Amino acid sequence: MQNRTLPVQTCTPRPSASHPPFKSGSNILSVSCKSGSKRVYFKWQKNEKADGYALYEYDKKTGKDTLIKLITDVNKTSYSQNFKYASKHSFRLCPFKVYSDGSIIYGDLTSIVNIKVPPAGVKSFSASKTKAKVPLSWKKLSSAKGYKIYKSSKKNGKYTMIKRIKKNSRVKYIDSRVSGGQTYYYKIRAYVKGEQKRMADGKFSKVLKVRVPR
């Protein structure tokens, strides 16, 4: 059990002689981010004994917490906030109880939850036309791990990933699986390595229409 002052920027222990420890019970925090978005979504279980919640970002290097949001609505069990593209974060949540004499007692922190925010969208995606191949190029995105290229025979049809490029410095690809006189549609997005070795995908680029010469 940890008692911390409110609303300081770090979890500073504070003993309380007038009130017993706040038995907060089991707390679970979940964190998610949609592909192509830099908005992080937080969800947690409602604590019937709490009067509010403190959401912290945890610094693994210093071992300190920084308060990013103080939630005083006891019925609120979600929150969202924008963070920098391709940035990595660790979060945890702590319920608190407010007594009539103004004392604020904190319960137990949740386990630390990690997340990697998806990268920004790829810019300057373009294509040139030559017989039997389609050279593609785009602008390097320094925050990305690599890129995924998708292709379709219809603009609003099903797109299939034709290449995953594992180096962000590689900004060209040649699609040789084309036929003269046919039209193809391409789009690209960057990715970063997220938690549990999963990929966090960025926003899709504009769709390129390419008609291959006969």
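The model is predicted, so local features need pLDDT of at least 70 and side-chain atom pairs 80 or more, while totals for chains, interfaces and linings use all residues. Residues are numbered from 1 along each chain as its sequence is written, and side-chain values use heavy atoms, without hydrogens and water.

Stay on Lys148, which lies in strand β11 (strands are DSSP runs of E, at least two residues, numbered from the N terminus). Lys148 counts as buried because its relative accessibility is 9% (buried is under 20% relative accessible area, with a 1.4 Å probe and protein chains only). Now show what surrounds this residue: beyond four places in sequence, Lys148 is in contact with residues including Met161, Lys187, Ile188, Tyr191 and Met199 (heavy atoms within 4.5 Å).

Next, pick Tyr191. The charged end of Lys148 sits over the Tyr191 ring, 5.6 Å from its centre (NZ of Lys or CZ of Arg within 6 Å of the ring centre and within 35 degrees of the ring normal). Tyr191 also stands opposite Asp201 in β15. For another such arrangement, select Lys151 and Tyr184, where the charged end lies 4.5 Å from the ring centre.

Colour β14 (183-193). Nine of its 11 residues are buried. Which strands pair with β14?

- β11, antiparallel, over seven bridges (two strands pair if DSSP finds at least two bridges between them); Tyr150 has Lys187 in β14 as its bridge partner.
- β16, antiparallel, over four bridges; the partner of Tyr186 there is Leu208.
- β15 (residues 199-201), antiparallel, over three bridges.

Then show the largest nonpolar core, which has 20 residues; Leu136, Trp138, Tyr147 and Tyr186 have the most contacts inside it (a core joins buried Ala, Val, Leu, Ile, Met, Phe, Trp, Tyr and Cys through side-chain atoms within 4.5 Å). β10, β11, β14 and β16 each supply at least two of its residues, and β14 gives the most, with four. A second, separate core has 16 residues, among them Trp44, Ile71, Phe83 and Val117.

Finish on Phe83, which forms one aromatic cluster with Phe42, Tyr79 and Phe91. The structure holds eight aromatic pairs (ring centres of Phe, Tyr and Trp, its six-membered ring, within 6.5 Å; planes under 30 degrees apart are stacked, over 60 edge-to-face, the rest tilted).

Terms used:
Buried means under 20% relative accessible area, exposed over 50%, partly exposed in between (1.4 Å probe, protein chains only).
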